[in-house]
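Please look at the sequence and the model first.

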Amino acid sequence: MSVDNILNRLSELKVRALQSLNGIDDTEALDSWRVDYLGRRGELTQILRGLSDLDNDDRRHVGSLANNIKSELEQSLSDHQQSLKDRELAGRTQFDVTLPGRSIDMGRLHPTTQIVREICDAFVSMGFQIAEGPEVEWDRYNFEMLNIPKDHPARDMWDTLWVDYKDNNGDTPMLLRTHTSPMQIRIMEDSEPPIRVIVPGKCYRYEATDATHEWHFYQVEGLAVGEGITFADMKGTLFEFARIMFGSDRKVRFRVDYFPFVEPGAEMAIDCFVCKGSGCRVCKNSGWIEIMGAGMVNPKVLEGVGYDSSKYTGFAFGMGPERIAMLKYGIDDIRLFYSNDMRFLRQF
Ligand code: DAH
């Protein structure tokens, strides 16, 4: 065979091979194309076999051309293979309606947040406003102005985490608030009666943890001050709250308790909403569940913020939302709230 003849066959082969490759759209046909053009018995191999008849120079010339064509065809083959694969994949993601949906992990509100909001809503429905205050607090607000002077034994009711920092005057130490009651003082200092406000927020205590104690927890404080406010107003307000939170057939019980910032002070209980008073695990067989502390604002506290205690009276109350959630949902360990166990949190 002459050189020209071989060169012609090569370029004709290349054109034909590429044309037929273009028309292929499944992998089986692609494979037989590879066998036809590039295989051991394929056309290109046949042509290369004929090179032995040529002299050295011609053979080198034709050989290198043939190799170029070979690698060009191989490259086109692998490109085509890839594009078939891409097309198949794209087809699948667009059209396979039988694939199961991917589940989306939904976020949710922490049980404490939910209960705090429920408590706030109950009081907002009775005309209370919501206020928030600092978690790092002065001794003056957390204790002194609440009628708990330095060295007063009542301070033992609140084991305190102190902050190593002193006021400019150096006379009122800093602490992490042990309750939300200091906000009573801040609110009264900043405004005039009538006041009706609730204060949700975090509190801290220097305390060993167990099933009913955490060193960090929430409280919701309440304060109402105005002319002619009586203990009966307090009972009515808290009774309504108990009915909103725990059901309209609730009964309430107030018993004397001591808190330095209220006089008289009380502890409020509701009849057990689980056993209706006959005695069970939730109410520890007493039929009653204590849910908050309350009382009439101590005149000393009113005078301390500059209010005229012969003109104004008020009531205050404070409760632990985690405790309320524990009662409502039958949770028996307060530590579950803040240990980030998803199995617990997912239930709310
Ligand atoms: N601050 C109290 C505590 O942490 C709870 C409390 C009791 C708040 C009586 C009040 C109240 O406002 O009147 O134990």
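How much space lies in the largest pocket? About 1500 Å³. This is a predicted model, where local features need pLDDT of at least 70 and side-chain atom pairs count only at pLDDT 80 or more, while totals for chains, interfaces and linings use all residues. Residues are numbered from 1 along each chain as its sequence is written, and side-chain values use heavy atoms, with hydrogens and water left out.

**Largest pocket**

- A pocket is an open set of points on a 1 Å grid over the protein atoms alone, where a 1.4 Å probe fits, with protein on both sides within 12 Å along at least five of seven lines.
- Its volume is the space filled by probe spheres set on the points, which are joined across faces, edges and corners.
- The lining (residues with an atom within 4 Å of a point) of the largest pocket counts 50 residues.
- Thr212, Glu290, Ile291, Gly320 and Arg323 lie nearest the centre of this pocket.
- At least two lining residues each come from strands S6 (216–226), S7 (252–257), S8 (262–271), S9 (288–297) and S10 (313–319), and from helix H10 (321–329).
- Strands (E, at least two residues) and helices (H or I, at least four) are DSSP runs, numbered from the N terminus.
- S9 gives the most to this lining, with eight residues.
- By class, the lining of the largest pocket has 22 nonpolar, 12 polar and 16 charged residues.
- Nonpolar covers Ala, Val, Leu, Ile, Met, Phe, Trp, Tyr, Cys and Pro; charged covers Asp, Glu, Lys and Arg; the others, Gly among them, are polar.

**Second largest pocket**

- The second largest pocket holds about 220 Å³ of space.
- It is lined by 16 residues, with Thr113, Val116, Gly201, Lys202 and Tyr218 closest to its centre.
- Helix H5 (111–124) and strand S5 (195–204) are the elements that give two or more residues to this lining.
- H5 supplies the largest share, four residues.
- Five nonpolar, six polar and five charged residues make up the lining of the second largest pocket.

**Cysteines**

- The structure holds zero disulfides, a disulfide being a pair of cysteine sulfur atoms within 2.5 Å.
- Cys120 is in no disulfide, and the nearest cysteine sulfur, that of Cys203, is 13 Å away.
- Cys120 is buried (under 20% relative accessible area, with a 1.4 Å probe and protein chains only; exposed is over 50%, partly exposed in between), at 5%.
- Cys272 is also in no disulfide; the nearest cysteine sulfur, that of Cys275, is 3.6 Å away.
- Cys272 is buried, with a relative accessible area of 0%.

**Domains**

- The protein chain is divided into domain 1 (3–92) and domain 2 (111–345), with bounds from an automatic or database domain assignment.
- Between the C-alpha centres of domain 1 and domain 2 lie 86 Å.
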